[in-house]
Amino acid sequence: MKTDKEEKIKEKKEENLNRNKAQPHEQLELFAPEEKAVRKTGPVKKDAGKTLSAAKDVQERARQKTNREERKKTRKETLRWKGAIFKAQEEPAPETESQGDRVQNPPVKVTFFPEKDTLILNLVKNGAASPVADLYLHRQALGLLLSPGFEVLLSVKAARDIQLLDYQLATVSHVLKHLRGRALLCDEVGLGKTIEAGLIMMEYLMRGLARRVLVLTPPSLVEQWRLEMQTKFNLDFVPYDAPLFKSTPRPWVNFSYIIASLDTAKREPHRDMVLEPVYDLVIVDEAHHLKKQKTQAYQLVSQLKKKYMLLLTATPVENDLEELFNLITLLQPGQLETASSFKRKYITRGDTLKPKNIEELKKLVREVMVRNRRSETGVITAKRHAEVVEVAFSPEEAAFYQRLTSFVRGHYAQETGKISGRVNQFVLKTLQREVGSSIESVLPTLEKMALGENHPLSLRRVLHGLAEQAKRVPRRAKVEVLVRLLKKIPAKVVVFTCFVETMHFLAALLEKEGFKVAKLAGGMRRTEKEAQVLAFAGEARVLVSTETGSEGRNLQFCNVIVNYDLPWNPMRIEQRIGRLHRLGQVRDVYIYNLSAAGTVEASMLELLDAKINMFQLVVGELDLILGNLQGKRNFEDIIMDIWAGAADEASLHAGLEDLGERLSAAKKQYLAVKEIDERLLGELLPVND
């Protein structure tokens with residue numbers, strides 16, 4: 001007669017056999033070890049001690065054997081599963097049936113393994129589960145197993161509003177596969193080193209290989225980098241000078257994406273805070289500023305804790321080959337051995353710019369450097385044509401402009417950021433810029449200042465008088481010239497201005513003149529901007545835009561620009577032109593600059609055009625030239641100091657002439673360095689290699 005325990009085992013066996021018959025996959029034994037022992041040995045008799053002991057031994061051996069079999073089966077299933085994944089990756093995708101433009105994918109077969117689930121649950125129930133850390137490690141391994149290699153670039157789909165070119169994709173792939181994320185990107189000026197660096201960054205971020213990114217740039221490029229990362233890669237980098245950054249405790253640690261000025265980061269109290277975190281990726285733009293090992297900038301970058309690093313510069317060598325050694329040593333210490341051995345092996349005695357043992361040096365340089373040349377890529381073939389359109393102020397406009405300029409000069413102090421005569425220097429600069437744009441722009445500022453209780457009564461009366469004089473100006477000479485110019489141009493035109501008030505004024509007036517107008521300003525929502533761009537691409541013939549309004553917008557379907565006013569920062573002028581003169585532009589671009597005699601803008605325009613031929617420079621060259629000016633001051637501040645500090649026309653002319661000579665010298669220096677790099681890198685990285 002069978003015991004109750006034997007009956008239960010029999011029922012369990014029949015139940016599992018029936019379940020397994022219903023499943024199409026292999027069967028698993030789900031009996032507990034002691035059940036197997038009973039099944040093999042029969043019921044245990046209570047009065048047979050030796051038999052009981054032997055049964056226990058058999059039972060223990062059966063349990064151990066069962067565990068071994070279960071582990072072997074689990075490993076076998078895991079290997080079979082992984083093999084299926086590898087096979088799926090290696091096999092070509094099944095052909096699909098095409099119906100016109102529609103593609104029908106074959107159905108996906110999904111198979112479930114409830115026995116495996118039961119096995120896993122039993123292991124967990126019996127306390128045989130692995131630690132949680134193993135689970136996360138297993139997940140990470142599966143993620144890496146399933147993600148494609150660097151042959152497939154994930155960043156291509158993540159990038160927005162970018163026309164990616166073959167040489168850029170080849171550069172990204174080469175850096176990832178062969179240079180291991182440490183590279184010197186030395187493309188010629190204007191070929192998109194920023195885009196290449198952004199794509200490499202996205203590859204590491206999307207694959208989970210990087211989380212913290214630090215971008216170090218010259219001060220003038222911080223905002224440009226922030227904008228590029230936001231509009232092209234949808235990443236919100238925090239600038240080091242943003243209020244949010246300054247108000248956050250330990251910001252260098254607490255923010256994952258940071259853009260900072262190298263000049264600021266290298267100095268205390270920032271330096272120690274910058275060095276505290278561990279960065280996955282560090283990007284240094286204009287990396288030729290790191291050419292000297294003993295500088296604070298070089299020491300900072302060398303001490304940063306980082307996994308990957310990209311150094312961007314079109315001119316890695318300026319004075320001698322040791323500068324190239326310093327940059328490469330930052331990326332790969334020991335790549336070129338020591339400074340003394342590098343000098344002995346690879347620099348010709350008596351000529352620090354002439355390499356020797358070129359074949360060996362070529363091989364070493366290729367392991368860290370990439371350089372694309374304009375002649376190989378043919379990126380932008382459209383030319384630029386710039387023209388100055390003279391504007392003669394009406395007597396009332398000229399009188400108001402001169403009176404406001406006298407007010408600014410009388411209250412301006414040379415000490416940056418100080419207050420002189422109870423008017424802040426920044427406000428004075430704003431007034432001077434606004435009056436150069438339009439009366440509609442400067443008038444609200446004057447009225448607000450005239451009502452300000454923090455100003456003495458005498459100053460408020462002067463400000464009120466200036467506001468009243470502005471209201472009495474009957475004509476707008478620049479507007480009249482603009483209307484005549486637009487009527488002569490049969491194509492679509494973008495009219496740029498620095499100020500929102502001027503933008504609204506021009507849009508309303510041009511509509512009255514019969515033009516269909518679209519407009520862009522920084523305060524608009526994204527959907528509003530998109531609607532305005534669509535309108536301009538459609539029926540609207542004129543787009544009136546501020547610089548911030550057009551940021552991130554590709555307007556290359558238009559090829560005519562009118563600068564109604566001019567920013568005092570030449571880089572802003574270059575960015576305006578870059579909205580149209582960019583990849584995808586197939587027509588020459590025409591630039592009309594409205595210029596009223598006797599204004600700051602007219603003086604600056606003449607200076608930039610005469611001394612450095614600004615409008616004919618290749619994209620990116622202007623920044624390199626301005627970077628060669630002595631000192632770290634903003635170009636706007638230099639202009640304001642000359643303009644507001646001039647006692648008379650003679651001193652103004654002398655100040656502008658001196659700045660012009662400095663600009664000419666800066667351009668000559670840039671061209672000399674450019675020639676050196678083209679010759680030197682032409683030897684080390686020849687075109688046909």
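**Entry 1: the second largest cavity**

I began with the second largest cavity, and its space comes to about 60 Å³. My working meaning of cavity: on a 1 Å grid over the protein atoms alone, it is a set of points where a 1.4 Å probe fits but cannot get out, and lining residues have an atom within 4 Å of a point. Grid points are joined across faces, edges and corners, and the volume is the space filled by probe spheres set on the points.

A note on the source: this is a predicted model, where local features need pLDDT of at least 70 and side-chain atom pairs count only at pLDDT 80 or more, while totals for chains, interfaces and linings use all residues. Residues are numbered from 1 along each chain as its sequence is written, and side-chain values use heavy atoms, with hydrogens and water left out.

Which residues line the second largest cavity? I listed Phe393, Gly436, Lys478, Tyr564, Asp565, Leu594, Ser595, Ala596, Thr599 and Glu601. Strand E17 (residues 589-596) gives the largest share of this lining, three residues. Helices (H or I, at least four residues) and strands (E, at least two) are DSSP runs, numbered from the N terminus. By class I have four nonpolar, three polar and three charged residues here. For the classes, Ala, Val, Leu, Ile, Met, Phe, Trp, Tyr, Cys and Pro count as nonpolar, Asp, Glu, Lys and Arg as charged, and the others, Gly among them, as polar.

**Entry 2: Ala597**

Next I looked at Ala597, in the loop between E17 and helix H27 (600-612). Is Ala597 buried or exposed? Ala597 counts as exposed, because its relative accessibility is 60%; the cut-offs are under 20% relative accessible area for buried, over 50% for exposed and partly exposed in between (1.4 Å probe, protein chains only). Its C-alpha atom is 7.8 Å from that of Phe393, 204 residues apart along the chain. Leaving out residues up to four places away in sequence, I found Ala597 touching Val391 and Ala602, with contact meaning heavy atoms within 4.5 Å.

**Entry 3: the largest cavity**

I then searched the whole structure and found four cavities of 30 Å³ or more. The largest holds about 160 Å³ of space. Its lining has 16 residues, and Phe393, Glu397, Val435, Ser438 and Ile439 lie nearest its centre. Helices H19 (395-411), H20 (425-437), H21 (439-450) and H23 (477-488) are the elements that give two or more residues to this lining. I sorted the lining of the largest cavity into nine nonpolar, three polar and four charged residues.

Where does the largest cavity lie? It lies between domain 2 (394-472) and domain 3 (477-678), because both give residues to its lining. The domain bounds come from an automatic or database domain assignment.

**Entry 4: two asparagines**

Asn559 sits in the loop between strand E15 (542-546) and strand E16 (560-563). With a relative accessible area of 8%, Asn559 is buried. Its side chain reaches the backbone oxygen of Asp588 at 2.9 Å. Beyond four places in sequence, I noted several contacts of Asn559, including Ala491, Leu580 and Tyr590.

Asn326 belongs to helix H15 (residues 322-331). I found Asn326 buried too, at 9% relative accessible area. The side chain of Asn326 reaches the backbone oxygen of Lys291 at 2.6 Å.

**Entry 5: whole protein**

Finally, I noted 30 helices and 17 strands in the protein. Buried residues make up 48% of its 689 residues.

Note on methods
On a 1 Å grid over the protein atoms alone, a cavity is a set of points where a 1.4 Å probe fits but cannot get out, and a pocket is an open set with protein on both sides within 12 Å along at least five of seven lines; lining residues have an atom within 4 Å of a point. A polar contact is a pair of N or O atoms within 3.5 Å; within protein, one must be able to donate a hydrogen and the other to accept it, and residues adjacent in sequence count only if both atoms are side-chain atoms.
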